Amino acid sequence: MISSHTGFQPLREVWLGDCYPDKWYENFDSQAQDLFGLITEMTKHDLKVFENGLRDLGITVRRPVFDDRSKFIDQHGNLCKPPITPRDWAMTLGDTLYIIPPYQNGHTGFESTIAEYQSEHQQVKVLDRSIPDPMCYVPFPSTVRIGQDIYIDSAIDTPGYCYFETAAKELAQQYRVHITHTGEHNDGIFCPVSPGNIFSTHYRKNYADTFPSWQVFYLADTTKERKFQQNGSNGNWWVPGADLQIYNDSIIKYAQSWIGNSQETVFEVNMLVVDDKNIFCITEDDRACRQLESMGFAVHIVDFRCRGFWDGGLHCLTTDIHREGPCLNYFPERTGLGIYQ
């Protein structure tokens, strides 16, 4: 059943991304094959650890299928970034799964899963920018769902912002829509782990208006503590191990569009809450783990070693499909639907 109203109600089904099989890099030069082989080996191992941890808690986990390399090629003949971070282009809001296909011809890698949902008459909306559908311009990683309140960050200078405004007005007929304009991914800035509790990075200081009376725990700025920022293109990507600057030309040649800027990312905030007793996180911050434990959480650590290459934490790697519970009003003092800025 497709249904999700928050990021902390009990999780029952989730999508988990993946990277391509080794053989799909066989047409790369030998140096690039070495690098992508290393990244693939580590990534698949760590994702399997994550998947097993979720399954051990009774969560249904769906993964992409890689049956045809040509489905993941762009119009220039280049291999696109794999569907490792489905949170970037898929979001469940209420009883509807919205999908902005990241590949040509509406392909996602989750075709069999989507077909299953549709056969069971679940609400799946595959969006199309060519129409254009206004929901295509809602930045899914920057959307935080808290029952009847939705928090969306969208920079005013983003192409297609007028379509985003249209989508926001439509959503405001059902929700209180809070809009900010920092241009950042909200799930890389803060994480509501339970009603009344937020874990936040240093990038946002004030929650008095958006989350009145909620307790905010500030994570350490781990970007200052990293020793591997010169490992890659100006520090924008890194993988653990030896100095890999020698591979930088390979990244620029084959995968420059795949990487973000991991120098600025506090991965610890990108957590996946399972329920009020279990949470998955990457940690470079023992203090955060102790705080979560004091709140009653069992903290499940996944050392996603290639986070600095994919520029994604555990929340980015997933899209929650089914969480138990109705759409609640966590801020009863607020009256009326509409847009809040």
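Which residue in E10 is the bridge partner of Pro192? The answer is Ile198, and the strands around this pair make a handy way into the structure. The model is predicted, so to speak from the start: local features need pLDDT of at least 70, side-chain atom pairs count only at pLDDT 80 or more, and totals for chains, interfaces and linings use all residues. Residues are numbered from 1 along each chain as its sequence is written, and side-chain values use heavy atoms, with hydrogens and water left out.

Strand E9 (190–194) pairs with strand E10 (residues 197–200) in the antiparallel sense, over four bridges. Here strands (E, at least two residues) and helices (H or I, at least four) are DSSP runs numbered from the N terminus, and two strands pair if DSSP finds at least two bridges between them. The two strands form a hairpin with two residues between them, and Gly196 in the turn has a positive phi of about 95 degrees. E9 is mostly covered, with five of its five residues buried (under 20% relative accessible area, with a 1.4 Å probe and protein chains only).

On a 1 Å grid over the protein atoms alone, a cavity is a set of points where a 1.4 Å probe fits but cannot get out, and lining residues have an atom within 4 Å of a point. Grid points are joined across faces, edges and corners, and a volume is the space filled by probe spheres set on the points. Two cavities of 30 Å³ or more turn up.

Residues lining it include Phe199, Glu268 and Asp285, while helix H5 (residues 286–294) gives the most, with three residues.

Finally, there is the largest pocket (an open set with protein on both sides within 12 Å along at least five of seven lines), with a volume of about 1200 Å³. Of its 50 lining residues, Lys81, Thr85, Asp88, Pro141 and His185 are the closest to its centre. This lining has 27 nonpolar, 15 polar and eight charged residues.

Notes. Nonpolar A, V, L, I, M, F, W, Y, C, P; charged D, E, K, R; others polar. Buried < 20%, exposed > 50% of the residue type's maximum accessible area, 1.4 Å probe, protein only.
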